[in-house]
Amino acid sequence: MLKPIDNLPTGAVGFEAHGRVTEADRVSVLEPTIEWAIESTGKVRLLYVAGSDFDGYERGAAYDEAVFGSRHFADFERIAFVSDDGPYARSVAALDGLMPTTLRVFPASRVGEAKAWLAG
């Protein structure tokens, strides 16, 4: 499940992932919010928090999310990924330098720092 995050810096959007992320989450939560951010500000500042109960993606959902992201590859200004050390944090960190955006991984205890970094 993707849950929108409120009270973010101007121009930033965020999601908190819990349990398994589904295609319905992508279609009803992720895509419309990202599209709105692009239309409103031209670039997306994204906060993605993998909750402690995040259990990955429903079959096919990660691929569909990647396809959506590739259509908007150059539309991201900054991405802050928040997660305790684990396979998700390491996978995202491995993408740094492969995307035309600034990407940082923050531990869960530093979500406030991630929000402040997005504002910068």
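**View 1. The open sheet of the predicted model.** Five strands form an open sheet in the order β1-β2-β3-β4-β5, and their pairing is mixed. Strands β1 (2-4) and β5 (102-106) are the edges, each pairing on one side only. From one strand to the next, the twist averages 20 degrees. Strands of a sheet pair through backbone hydrogen bonds, in either a parallel or an antiparallel manner.

**View 2. Strand β4 between its parallel partners.** Strand β3 (residues 44-57) and strand β4 (residues 76-82) run parallel and are joined by six bridges. Within this pairing, Tyr 48 has Phe 81 of β4 as its bridge partner. Strand β4 also runs parallel to β5, with five bridges between the two; here Ile 79 is partnered by Leu 103 of β5. Because six of the seven residues of β4 are buried, this strand is largely enclosed by the rest of the structure.

**View 3. Helices lying across the sheet.** Helix α1 (residues 23-41) lies across β1, β2 (12-21), β3 and β4, and runs at about 170 degrees to β2. Helix α4 (residues 111-119) lies across β2, β3, β4 and β5, at about 175 degrees to β4.

View 4. A polar atom of the Arg 45 side chain lies 2.8 Å from the backbone oxygen of Leu 118. Beyond its neighbours within four places in sequence, Arg 45 is in contact with Thr 10, Gly 11, Ala 12 and Val 13, with Glu 77 and Arg 78, and with Leu 118, Ala 119 and Gly 120.

**View 5. Phe 15 and the nonpolar cores.** The largest nonpolar core holds 21 residues, of which Leu 2, Phe 15, Ile 34, Val 44 and Leu 46 touch the most other members. Two or more residues of this core come from each of β2, α1, β3, β4 and α3 (87-95). Apart from it lies another core, of 11 residues, including Ile 5, Leu 47, Val 82 and Leu 118. When residues up to four places away in sequence are not counted, the contacts of Phe 15 include Leu 2, Ile 5, Val 29, Leu 30, Ile 34, Leu 46 and Tyr 48. In soluble globular proteins, nonpolar side chains tend to be buried together.

**View 6. Asn 7 in the loop between β1 and β2.** Asn 7 is placed in the loop that connects β1 and β2. Although Asn 7 is not a glycine, its phi is positive, at about 60 degrees. With a relative accessible area of 74%, Asn 7 is exposed.

**View 7. Confidence along the chain.** The chain has a mean pLDDT of 85, with 82% of its residues reaching 70 or more. Confidence is lowest in helix α2 (residues 61-71), where the mean is 58, and highest in α4, at 96. Where pLDDT is low, the predicted coordinates should not be read in detail.

Note on methods: Residues numbered from 1 in each chain as written. Predicted model: local features only at pLDDT ≥ 70, side-chain atom pairs only at ≥ 80, totals over all residues. Heavy atoms only, no water. Pairing = 2+ DSSP bridges. Helix = DSSP H or I, 4+ residues; strand = E, 2+ residues; numbered from the N terminus. Axes fitted to C-alpha atoms, helices over the stretch in contact; angles between N-to-C directions. Contact = heavy atoms within 4.5 Å. Polar contact = N/O pair within 3.5 Å; in protein donor to acceptor, adjacent residues only side chain to side chain. Core = buried A, V, L, I, M, F, W, Y, C linked by side-chain atoms within 4.5 Å. Buried < 20%, exposed > 50% of the residue type's maximum accessible area, 1.4 Å probe, protein only. pLDDT = per-residue confidence, 0-100.
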